[in-house]
Amino acid sequence: STQDSIAIRLSLAISKKEGRNFFRQKVMRKGKILRVNSLPVDHPCVILDISVKGIAIQSDRPYEVGDVLSMEKQAFREDGPLHTLTFQVARTSPFPTGGNLFGCRFIDLFSDDEDALFRDIFALQASDLRFKRNA
């Protein structure tokens with residue numbers, strides 16, 4: 001018997017190394033910035049995602065790289081624990097649907113707060129996995 005064979009030669013491979021040290025969990029939840037550089041404000045935003053080291057938000061406000069923002073009593077999931085967080089804007093770019101995207105890193109995050117954030121991120125991830133499994 002005669003067998004046919006096919007030879008495939010890879011001519012180009014493209015890869016991109018993820019530049020983050022920590023997993024980011026999608027949130028897509030309304031939030032509120034209550035302080036900018038220690039001044040009280042009342043700015044709505046959308047929390048796009050979080051990690052144990054930072055948060056990405058979308059807002060119509062013109063925050064600058066270096067601005068320090070604060071949220072108080074913020075939940076990242078339905079009936080989830082409330083977090084009080086302070087973070088610094090590290091990067092900004094236009095958001096496709098309007099406003100700006102702000103990539104921020106947490107500052108003054110103590111061990112207990114970091115542990116609570118880890119637990120919440122894992123709970124969000126578990127919820128997403130259950131939803132996908134049952135879809």
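Ser59 counts as buried, at 1% relative accessibility. Here buried means under 20% relative accessible area, exposed over 50%, and partly exposed in between (1.4 Å probe, protein chains only). The model is predicted: local features need pLDDT of at least 70, side-chain atom pairs count only at pLDDT 80 or more, and totals for chains, interfaces and linings use all residues. Residues are numbered from 1 along each chain as its sequence is written, and side-chain values use heavy atoms, with hydrogens and water left out.

**Around Ser59**

Ser59 sits in strand S3. Helices (H or I, at least four residues) and strands (E, at least two) are DSSP runs, numbered from the N terminus. The Ser59 side chain reaches the backbone nitrogen of Arg61 at 3.0 Å. Not counting residues up to four places away in sequence, Ser59 touches Pro44, Cys45, Gly99, Asn100 and Phe102. Contact means heavy atoms within 4.5 Å.

**The core**

The largest nonpolar core has 21 residues. Such a core is a set of buried Ala, Val, Leu, Ile, Met, Phe, Trp, Tyr and Cys residues joined through side-chain atoms within 4.5 Å. Ile33, Ile50, Ile55, Ile57, Phe76 and Phe87 have the most contacts inside it. S1, S2, S3 (54–59), S4 (68–74), S5, S6 and H1 each supply at least two residues of this core. Leaving aside neighbours within four places in sequence, the contacts of Ile57 include Ile33, Val46, Leu69, Met71 and Leu101.

**Aromatic pairs**

There are 3 aromatic pairs. Rings of Phe, Tyr and Trp (its six-membered ring) pair if their centres lie within 6.5 Å; planes under 30 degrees apart count as stacked, over 60 as edge-to-face and the rest as tilted. Two of the pairs are tabulated here.

| Pair | Centre to centre | Angle between planes | Type |
|---|---|---|---|
| Phe87 and Phe106 | 6.2 Å | 80° | edge-to-face |
| Phe118 and Phe122 | 5.9 Å | 15° | stacked |

Phe87 lies in strand S5 and Phe106 in strand S6, so their pair ties together parts 19 residues apart in sequence. Phe87 is buried, with a relative accessible area of 0%. Phe106 is buried too, at 11%. Phe118 and Phe122 are 4 residues apart in helix H1, about one helical turn. Phe118 is partly exposed, at 29%.

**Helix H1**

H1 covers residues 111–134. Its 24 residues should span 34 Å, and its end C-alpha atoms are 35 Å apart, which agrees. The expected span is 1.5 Å times one less than the number of residues. Leu117, Asp120, Ile121 and Leu124 are buried in H1. The buried residues of H1 pack against strands S1 (25–36), S2 (39–50), S5 (83–94) and S6 (100–107).

Conventions
A polar contact is a pair of N or O atoms within 3.5 Å; within protein, one must be able to donate a hydrogen and the other to accept it, and residues adjacent in sequence count only if both atoms are side-chain atoms.
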